[in-house]
Amino acid sequence: MAIMGTAMVLAVGVPYTLSRFVFRDHAIRFPVLTGQKWNRTERWYLLAVVVIGYLVLPVYMVPTGVYENWPAASSPSTISRLFLGTNVLGIWDELFFICTAFTLLRRHLPEWQANVLQAVLFTSFLWELGFHAWGPLLIYPFALVQAWIFSRTKSLSYIVSVHLLFDFVLFLVLLHAHNREWFAFFLY
């Protein structure tokens with residue numbers, strides 16, 4: 001955990017530090033407090049993300065057995081570690097793939113090409129973490145949409161909110177998959 005955590009911090013921290021203090025171009029930013037309120041469409045999309053997660057994640061994770069790539073969590077300590085892990089990873093995904101990789105690629109490529117490439121990186125990384133079977137068919141469009149939303153809203157807060165809502169459903173599905181009597185409201 002310490003090795004992976006260190007690598008993840010360095011993956012975001014080194015490009016940010018180089019951009020900010022060596023090149024002094026401030027290319028990489030993490031716009032949290034933008035002062036912009038989320039519009040009606042953005043608020044509805046947050047609800048849609050939960051519904052999409054509810055409809056798709058159990059169908060993907062349970063029948064394929066992909067949930068077994070995550071440890072079974074049934075005690076308070078393992079449940080809290082799973083919750084923390086899914087949330088921290090979701091935040092890191094946005095910091096690295098959107099705010100860092102997408103932003104830097106966009107400086108050298110047209111936006112659509114930068115988006116396609118960051119989505120490949122995003123999908124490849126999550127494949128390595130255990131999103132096998134048809135996971136890339138879910139992750140790739142999600143990554144494309146996240147970068148597209150970020151390029152329009154310029155709000156890290158919003159894309160992290162979207163990601164964490166989806167990951168909350170993921171967390172519940174993982175708990176259910178390992179403990180079938182828990183959260184028996186999923187359809188698959």
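User: What should I know about the model first?

Analyst: The model is predicted, with local features needing pLDDT of at least 70 and side-chain atom pairs pLDDT 80 or more, while totals for chains, interfaces and linings use all residues. Residues are numbered from 1 along each chain, and side-chain values use heavy atoms, without hydrogens and water.

User: How are two packed helices described?

Analyst: By the angle between their axes and the distance between the axes. Here the axes of helix 2 (residues 40-64) and helix 6 (residues 156-178) come within 9 Å and cross at roughly 30°. That makes helix 2 roughly parallel to helix 6 (angles under 35 degrees count as roughly parallel). Helices are DSSP runs of H or I, at least four residues. Axes are lines fitted to C-alpha atoms over the stretch in contact, with angles from 0 to 180 degrees between N-to-C directions.

User: Which residues make the contact?

Analyst: Contact means heavy atoms within 4.5 Å. Among them are Leu 46, Val 50 and Leu 57 of helix 2 and Leu 165, Val 169 and Val 173 of helix 6.

User: What shows where empty space is left?

Analyst: Rolling a probe the size of a water molecule over the atoms. A pocket is an open set of points on a 1 Å grid over the protein atoms alone, where a 1.4 Å probe fits, with protein on both sides within 12 Å along at least five of seven lines; lining residues have an atom within 4 Å of a point. The largest pocket has a volume of about 1000 Å³ (the space filled by probe spheres set on the points). Its lining has 39 residues, and helix 3 gives the most, ten.

User: Which helix gives the most to the lining of the second largest pocket?

Analyst: Helix 5, with four residues. That pocket holds about 150 Å³.

How values were computed:
Helix = DSSP H or I, 4+ residues; strand = E, 2+ residues; numbered from the N terminus. Parallel < 35°, antiparallel > 145°, perpendicular 65-115°, else oblique.
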